[in-house]
Amino acid sequence: MTRALTLPDPAAAAARVSKLTSSWPETPPGADPLPGQLDRWLTSRGAELVAVRRHIHAHPELSGQEFETAALVARELTRAGLSPRMLPKGNGVMCDIGYGDRVIALRADLDALPLPDTKDVPYRSTVDNVCHACGHDVHTTILLGVGLALAQLAERDELPGRVRLLFQPAEETMPGGAPEVIAAGGLKDVAAIYALHCAPQLPVGLVGVRSGPFTAAADKIEVRLTGRGGHTARPHLTADLVHALGRILVDVPSLLDRKLDARAGVSMVWGAVRAGEAANAIPIEGVARGTIRVLSRDAWRDVPELVTKLVHDVIAPTGADVEVKYTRGVPPVVNDRLATAVVAGAAGAALGPDRVVEAEISMGGEDFAFYLDEVPGSMIRLGVGVPGSDQKFDIHQSAFDVDERSIGYGVRVMVHTALAALGAGAF
């Protein structure tokens with residue numbers, strides 16, 4: 001039976017985290033204040049937002065199963081006087097704030113990863129082998145905070161347009177939950193869309209922006225071999241599938257590099273290989289699974305046919321039978337030039353221009369790319385690293401955690417971004 005994911009008493013939750021939020025960021029030096037005294041409002045809500053993040057972190061849900069997290073978000077938005085709408089499956093939320101024909105969308109992802117939580121913290125995951133190891137709990141909390149802040153402006157008729165919050169399920173799966181949001185009308189009337197992603201490589205208080213290629217396309221491949229097995233003393237009487245698999249593992253990525261322009265940014269890496277059990281028996285079946293990541297959209301279009309041909313060419317001399325299953329994942333995220341300029345300026349206003357740095361290109365995949373296929377937009381990186389810490393986190397690690405001051409910085413950046421994008425008439 002599913003238990004409703006309900007926030008604890010706000011006062012009690014805030015008391016538990018007040019010590020850790022004593023340095024909750026106020027308006028940073030050199031930054032522009034938020035309108036409508038939102039800086040004071042944000043400071044007063046710091047402990048509450050941290051409590052939300054910790055509650056979500058302690059109750060993670062896997063891709064496609066984010067029903068209670070979505071319900072929690074919807075309840076909090078409703079309490080603020082907004083009218084959220086659930087996605088058809090009930091595991092995501094859309095919510096418009098303000099009025100106007102032109103919409104600026106902000107997106108956060110809700111799902112966790114199938115990993116154990118190995119941190120020794122009070123908000124450690126209570127669900128076995130499920131953990132928010134990618135920061136989606138932070139993304140969700142920030143967007144919720146942005147919604148609550150913008151609701152304050154809308155209530156006073158100080159929001160110059162309409163902002164749509166998209167709380168999306170299933171980012172961690174291929175092809176991701178973004179197509180579901182789009183199919184449900186998430187981009188209707190949207191002029192531009194923005195998102196942020198936790199970046200433990202950046203210290204808290206910094207954001208990374210980049211125009212153009214930002215993350216890679218990410219696909220999956222499975223190669224299954226079958227053939228005559230036998231004794232390892234007589235491999236000439238078999239298809240020697242282990243040897244054949246070895247050729248695939250080494251030769252196909254190497255040949256792929258030679259068949260594509262080096263500037264395409266292609267990376268083919270195997271993550272799983274299985275064949276046989278006994279040391280003296282050649283198996284009759286073997287399988288290899290991996291990912292293919294590409295920065296160039298043009299190259300990404302050609303990769304499935306090219307890789308499939310390379311696998312068949314490499315296996316042909318071995319006599320093994322081969323089946324290739326190529327699964328399309330997500331396109332590359334290519335940030336729009338104008339949208340990136342808007343968010344870079346907004347981040348500078350929110351945090352101070354010296355806190356905006358150039359983001360590195362990542363070979364990771366992001367289904368935010370599907371939105372950018374439809375409308376202009378940009379994704380940025382939010383620094384969550386603890387300054388001076390000897391422990392260096394990366395996402396998708398079981399011990400991953402963040403400096404929670406990043407929540408306040410993220411809310412400031414995205415509020416400034418929404419307001420700046422509403423005022424940018426070029427979209």
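Before the helices, one definition: a helix axis here is a line fitted to C-alpha atoms over the stretch in contact, and the angle between two axes runs from 0 to 180 degrees between N-to-C directions. The model I am showing is a predicted one.

With that, take helix α7, residues 241-259, and helix α8, residues 297-315. Their axes lie 9 Å apart, and the helices pack at an angle of about 135 degrees. What does that make them, parallel or oblique? Angles over 145 degrees would count as roughly antiparallel, and 65 to 115 as roughly perpendicular, with the rest oblique; α7 and α8 are therefore oblique to each other. The crossing of α7 past α8 is right-handed. On the α7 side, the residues in contact include Ala244, Ile248 and Leu255, and on the α8 side they include Leu306, Leu310 and Val314.

Now to strand β3, residues 103-109. All 7 of its 7 residues are buried, so the strand is largely enclosed by the rest of the structure. In a regular strand, side chains alternate between the two faces of the sheet. Here Val103, Ala105, Arg107 and Asp109 point one way, while Ile104, Leu106 and Ala108 point the other way. Both sets are buried, Arg107 and Asp109 included.

Which strands pair with β3? One is β4, residues 162-168, which runs parallel to β3 and is joined to it by 7 bridges. In that pairing, Asp109 sits opposite Gln168. Another is β5, residues 190-203, also parallel, with 5 bridges. There, Ala105 has Ile193 as its bridge partner.

Key
Residues are numbered from 1 along each chain as its sequence is written. This is a predicted model: local features need pLDDT of at least 70, side-chain atom pairs count only at pLDDT 80 or more; totals for chains, interfaces and linings use all residues. Side-chain values use heavy atoms; hydrogens and water are left out. Buried means under 20% relative accessible area, exposed over 50%, partly exposed in between (1.4 Å probe, protein chains only). Helices (H or I, at least four residues) and strands (E, at least two) are DSSP runs, numbered from the N terminus. Two strands pair if DSSP finds at least two bridges between them. Angles under 35 degrees count as roughly parallel, over 145 as roughly antiparallel, 65 to 115 as roughly perpendicular and the rest as oblique. A crossing is left-handed if the near helix is turned anticlockwise from the far one by less than a right angle, and right-handed if clockwise. Contact means heavy atoms within 4.5 Å.
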